[in-house]
Amino acid sequence: TGDTLVPGNHVVIVPDTSLYSHVMNDSGTTEGGYTGSKMYTEGLEQAKTIINNAFTGHVVTFRAYLCNAVSNGEASDGGWVDSTVDLMNEIMVCGSVVNSTSTYGTYNIGTEKSQLPLFILNPQSINTRYGYWLRDVASASHFALVDNYGRARRGGASFSLAVRPRFIIS
C-alpha cells in the first residue's frame, strides 16, 4: 500500500522490549503532528542507530503517510515521507482507533491500517508492563500510548515514555 511498494520479501519487526524512553514534545503540544514532534525529529535517532547496527544492510526504507499538522486538537494533514524506523499507530497495535479523534483518520493511520500479526496472534505482546508511545495525535496536548497495564490511553506530549518502534528488514 502506498505511493511506492515495499521492495521484495520483507518482515515487520517490533522489539519485545523498550529501547529507551523519550518525550514526544518538550512543549507539551501535538503541534506539527507526529512528523513535527521532537520524537520524530530527534528522539528516534538512537533507535535508528541501535536497529541499523543490529541489522546492518537489511533495514528497508519505504514510503509512509504520516501526520504533519494538527488543527483543533485533531490530526488535520499528512504527507509522504521516506521511513525506516517509526512509532506504531493505534491500528497496528490495538486493531482499531481508540484515542485519536480525527475526523479524517487517514492522517493518523496513513497506509498502516491493519493490526500487526504479532498482536493478533499473541495479544500478550501488547502489554509489556511499561507505557510506550504510539504516533497518533489524540488531542492538542496528547498522543496515544499503551500504558503499563496494556490499555490504550493517551498521555501528555511532554511525558517521557518508552520507545518501541517498528521497522522493516529484508
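1. Starting with the largest pocket: it holds about 340 Å³ of space. A pocket here is an open set of points on a 1 Å grid over the protein atoms alone, where a 1.4 Å probe fits, with protein on both sides within 12 Å along at least five of seven lines. Grid points are joined across faces, edges and corners, and the volume is the space filled by probe spheres set on the points.

2. This is a predicted model, so to speak of local features takes pLDDT of at least 70 and side-chain atom pairs count only at pLDDT 80 or more, while totals for chains, interfaces and linings use all residues. Numbering runs from 1 along each chain as its sequence is written, and side-chain values use heavy atoms, with hydrogens and water left out.

3. Who lines the largest pocket? There are 15 lining residues (an atom within 4 Å of a point), and Val6, Val12, Thr111, Glu112 and Ile168 lie nearest the centre. Strands β3 (62–71) and β10 (166–169) are the elements that give two or more residues to this lining. By type, the lining splits into six nonpolar, five polar and four charged residues; Ala, Val, Leu, Ile, Met, Phe, Trp, Tyr, Cys and Pro count as nonpolar, Asp, Glu, Lys and Arg as charged, and the others, Gly among them, as polar.

4. On to the strands (DSSP runs of E, at least two residues, numbered from the N terminus). Strand β7 (residues 142–146) has four of its five residues buried, so the rest of the structure largely encloses it. Buried means under 20% relative accessible area with a 1.4 Å probe, protein chains only.

5. β7 has partners on record here, where pairing takes at least two DSSP bridges. With β6 (residues 132–137) it pairs antiparallel over three bridges, as a hairpin with four residues between the strands. With β8 (residues 152–156) it runs antiparallel too, joined by five bridges; that hairpin has five residues between its strands, and Gly150 in the turn has a positive phi of about 85°. Leu145 in β7 stands opposite Trp133 and also opposite Arg153 in β8.

6. Is His22 buried or exposed? His22, in strand β2 (residues 21–23), has 17% relative accessibility, so it counts as buried. Leaving aside neighbours within four places in sequence, its contacts (heavy atoms within 4.5 Å) include Trp133, Lys38, Met39 and Phe159.

7. For the chain overall, buried residues make up 48% of the 170.

Definitions and conventions:
Buried means under 20% relative accessible area, exposed over 50%, partly exposed in between (1.4 Å probe, protein chains only).
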